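Subject: Handing over a structure

Hello,

I am passing a structure on to you, and I hope you enjoy looking through it.

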Amino acid sequence: RDQPIDALGGGARGRASLISRPCTQSGRRTARAAPPNRRRAGAYVLPFSQLTSLHTFVIMSGDSRDNAGQAGKRRSSWFGGCRPASMAPAMALLSCVLFCLNSELLQALQTHTPAEERRPSPGLNLLLCHLGGLVFAPNFLLSTAYDTPAVSPGADYKTGLSAMLSRRPRLCALLFALLLMGYNYCWLLSAGFLAASVTTALFQTSVGMVYAMSVPLFGEPLTFLRVLGIGLLILGSMLASGVTGDKFHNSAASTGFGAGLAFAFTAAVGVALYQVLFRHLFGQWKHDVRFLAFFGAWISVWHVLVILPLLCLSSWWGFEALVLPRGHLAVGGSLVAAVIASTVNTLSLCIALWGSVMLLPCVSALSVPLMLCLDMGLHHVFPGREELAGQVLIVLGVVLVMDLAAQLVGGRDAGLGQLPETNPRPRQDGPLLQ
């Protein structure tokens, strides 16, 4: 008897199939409906075509291990039925706007904080900006759902160190916490030797590094237009930041010019590795939003357990004094800036998995012309011809790298929302992953 069962408890479009059990009376297998009190994932055998309808049920029940192997090409029901890949462009633009607004806030705090108040030290300020994942820590602090080799879907094609790290995300979060803190601190050190605009221009070379690593790792197409777009992005960043003008010559004449260049390029390498490694190691979890919360929580936990003691040791050794904020404006402004920065970091993790591989670095480059718009609107500072030409080159470079012209003209999904496979090699997955 064909009696469909609503495995999701009502309202779901997927229906569980019937149980195939051996019937001793007739000697053949007949179908029997599952009783209502046994409607649990794993309580009965379902065909592969019907297991996909249990996706929402498994996520809501929190059983990520049952959900891990079903993260193939299903349509997710998160966020009102929207696919995560379709939300990546909006998240990228939101992160760019928040980043620029946070920069304006930090600049205002630097210039308008009263003399009797005290701003936090740079290291402590960075630490506060990376603690947003503690919101999810109560749910994942003692969880081992993702920290065993058996629950890493699709990781069978990884070998060596890559396989070890992808199967131990809780330990791997320590590496990413150090990498996140390291490249941000290198940026601050570079800005201490060079003009901030020169450091920003050199930092944009990370776009080319991400593209160079994405070609062999993710199968990104190596085309003339994309290479040209990378060159325009870097050249436009230099022109927009005044690298070819007096700022660069004044920085070159300073005693710490070489150290500033080294720190700026180190920061660029760090941010490129952060984006590429996260996608390469954990791209198989891109359909599991709980994993992003788990990983972000452990990045923040490692900041408290490891990086905070390192800041205390550096203060004790005299490398950088650990200064706590004091005063209403300093404390309130630092907390607001930390919340915004934590939001940007969380969005970056989502964009790194859900968007195309070049989406995050290209949106980071677009922050340069957006900052120019804010300078014109808020501070009435207008660019010269050289800086304006640099802004145009940046936008043109983003169009070429993301292949936006072909997407708009040809109507194909060529960049923003597409989620390419994290490894171009064919995989021998089961039916649930195909």
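Below is what was found, beginning with the overall picture and then going through the details.

A word on how to read the values: this is a predicted model, in which local features need pLDDT of at least 70, side-chain atom pairs count only at pLDDT 80 or more, and totals for chains, interfaces and linings use all residues. Residues are numbered from 1 along each chain as its sequence is written, and side-chain values use heavy atoms, with hydrogens and water left out.

**Overall picture**

The protein chain has 19 helices and 2 strands; helices (H or I, at least four residues) and strands (E, at least two) are DSSP runs, numbered from the N terminus. Of its 434 residues, 47% are buried. Here buried means under 20% relative accessible area, exposed means over 50%, and partly exposed is in between (1.4 Å probe, protein chains only). Contact means heavy atoms within 4.5 Å. Among contacts between residues at least 6 apart in sequence, 78% join residues at least 24 apart.

**The nonpolar cores**

A nonpolar core is a set of buried Ala, Val, Leu, Ile, Met, Phe, Trp, Tyr and Cys residues joined through side-chain atoms within 4.5 Å. The largest one has 72 residues, and Phe176, Phe278, Phe282 and Met358 touch the most other members. Helix α15 (residues 289-317) gives this core its largest share, 11 residues. Another core, of 5 residues, lies apart from it and includes Leu194, Val198, Leu202 and Phe257.

Two of those names, Val198 and Leu202, turn up again among the buried residues of α10, together with Ser197, Thr199, Ala201 and Phe203. Helix α10 (residues 196-203) is largely enclosed by the rest of the structure, because 6 of its 8 residues are buried.

**Aromatic rings**

There are 15 aromatic pairs in the structure. Rings of Phe, Tyr and Trp (its six-membered ring) pair if their centres lie within 6.5 Å; planes under 30 degrees apart count as stacked, over 60 as edge-to-face and the rest as tilted. Phe278 and Phe295 form a tilted pair, because their ring centres are 5.2 Å apart and their planes stand at 50 degrees. This pair links distant parts of the chain, with Phe278 in helix α14 (residues 257-282) and Phe295 in helix α15, 17 residues apart. Phe278 is buried at 1% relative accessibility, and Phe295 is buried at 0%. Ring pairs also join both of them into a cluster with Phe140, Phe176, Tyr183, Tyr274, Phe282, Trp285, Phe291 and Phe294.

**Charges and cysteines**

How many salt bridges does a search of the whole structure find? It finds 1, where a salt bridge is a side-chain nitrogen of Lys or Arg within 4 Å of a carboxyl oxygen of Asp or Glu. The side chains that meet in it are those of Glu220 and Arg226 (2.6 Å, N to O), and both residues are buried. Elsewhere, Arg279 lies over the face of Phe218, at 5.7 Å from the ring centre; a charge sits over a ring if NZ of Lys or CZ of Arg is within 6 Å of the ring centre and within 35 degrees of the ring normal.

The search for disulfides (pairs of cysteine sulfur atoms within 2.5 Å) gives 0. Cys129 is buried at 12% relative accessibility, as is Cys172 at 1%.

**A few single residues**

Asn102 is in helix α5 (residues 84-112) and counts as buried at 7% relative accessibility. Not counting residues up to four places away in sequence, Asn102 touches Ala337, Ile340 and Ala341.

Thr343, in helix α16 (residues 328-354), is partly exposed at 35% relative accessibility. The C-alpha atoms of Thr343 and Leu98 are separated by 8.3 Å, although the two are 245 residues apart along the chain.

His380 is not a glycine, yet has a positive phi of about 55 degrees. Most residues other than glycine have a negative phi. His380 is also exposed, with a relative accessible area of 59%.

Best wishes
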